[in-house]
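Subject: Structure for you, with notes

Hello,

Here is the structure I said I would pass on. My notes on what turned up follow below the entry.

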Amino acid sequence: DGCCAFVSIALGRNAREDAHKSVGNAVVLCVVSSLVLTAVYLIFSEPILALFGGTVNEETHVFAKEYFFYITLGIPFYMFGQAMNPVIRSDGSPKFAMIATVSGAAVATVIGQVLTAALSIWYLRHMKVITLEKGSFRLDGKLIPKFLVLGLTSFLAQISLVISMAAVQNMCMKYGAKDPIFGQPEYAQIPLAVLG
């Protein structure tokens with residue numbers, strides 16, 4: 001989002017060099033951070049599953065672990081596709097951006113994320129206003145903070161949703177366990193299923 005806003009600002013003042021470099025830098029930052037996040041998720045899968053209620057009982061844990069694994073493999077594709085979507089919109093192709101984001105659940109979601117990422121790569125090679133060059137992908141320490149700060153509010157909004165979701169799910173598990181029926185292991189997943 002920050003790159004999208006920065007590109008619009010740069011194009012508005014006819015600073016095409018800053019525009020193409022910010023897109024290239026955003027691509028590099030996105031790929032690197034998505035690979036790091038994927039590794040973190042794979043290493044800390046058990047605590048993360050516990051945080052979001054995936055260990056409420058053995059049956060839920062097995063399904064949650066499998067789903068989590070496949071979704072984690074899709075993180076680089078998801079992040080790349082989502083990061084490039086606003087850039088594609090800012091380049092004047094909102095319809096293409098919308099078409100590129102269609103997807104489903106679990107493995108289907110990952111396939112959708114791969115498709116979104118592939119379409120985004122295709123589009124980056126055929127942008128209307130910005131022409132990417134090899135130098136676009138060289139990280140620029142002066143340019144990066146300018147567009148990262150523009151995306152900070154979007155990041156805070158997204159992360160606050162994740163935190164509130166984790167809190168609600170944990171309360172559901174805690175208070176569901178106090179119920180005479182849902183406190184039994186074979187029914188413990190029902191409050192979370194209803195919430196979901």
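A word on confidence comes before the rest: pLDDT is the predictor's confidence in each residue, on a scale from 0 to 100. It applies here because this is a predicted model. Over the protein chain the mean pLDDT is 87, and 97% of the residues reach 70 or more. Helix α2 (residues 16-43) has the highest confidence, with a mean of 93, and helix α10 (residues 190-195) has the lowest, with a mean of 77.

Overall layout

The protein chain contains ten helices and zero strands. Its pattern along the sequence is accordingly written α-α-α-α-α-α-α-α-α-α. The C-alpha trace spans about 65 × 30 × 30 Å along its principal axes.

For α2 and helix α5 (residues 75-90), the axes are 8 Å apart and the packing angle is about 150 degrees. Angles over 145 degrees count as roughly antiparallel, so α2 and α5 are roughly antiparallel to each other. Their crossing is right-handed. On the α2 side the contact is made by V23, A26, V27, C30, V31, S33, S34, L35, L37, T38 and Y41, and on the α5 side by I75, P76, M79, F80, A83, M84 and V87. By class, the residues in this contact of α2 with α5 are 15 nonpolar, three polar and no charged.

For α2 and helix α4 (residues 58-73), the axes come within 9 Å and cross at roughly 165 degrees. That makes α2 and α4 roughly antiparallel to each other, therefore. The crossing of α2 and α4 is left-handed, whereas that of α2 and α5 is right-handed. T38, Y41 and L42 of α2 meet F68, F69 and T72 of α4. The contact of α2 with α4 has four nonpolar residues, two polar ones and no charged ones.

Helix α1 against α5

The axes of α1 and α5 come within 8 Å and cross at roughly 20 degrees. Angles under 35 degrees count as roughly parallel, so α1 and α5 are roughly parallel to each other. α1 passes α5 in a right-handed crossing. From α1, the residues C3, C4, V7 and S8 take part, and from α5, P86, V87 and S90. The contact of α1 with α5 divides into five nonpolar, two polar and no charged residues.

Aromatic pairs

How many aromatic pairs does the structure hold? It holds five. One of them is formed by F6 and F147, a tilted pair with 6.5 Å centre to centre and 50 degrees between the planes. F6 sits in helix α1 (residues 2-12) and F147 in helix α8 (residues 144-148), so this pair ties together parts that are 141 residues apart in sequence.

Those are the notes I have.

Regards

Definitions and conventions
Residues numbered from 1 in each chain as written. Predicted model: local features only at pLDDT ≥ 70, side-chain atom pairs only at ≥ 80, totals over all residues. Heavy atoms only, no water. Helix = DSSP H or I, 4+ residues; strand = E, 2+ residues; numbered from the N terminus. Axes fitted to C-alpha atoms, helices over the stretch in contact; angles between N-to-C directions. Parallel < 35°, antiparallel > 145°, perpendicular 65-115°, else oblique. Left-handed = near helix turned anticlockwise from the far one by under 90°. Contact = heavy atoms within 4.5 Å. Nonpolar A, V, L, I, M, F, W, Y, C, P; charged D, E, K, R; others polar. Phe/Tyr/Trp six-rings, centres within 6.5 Å; stacked < 30°, edge-to-face > 60°.
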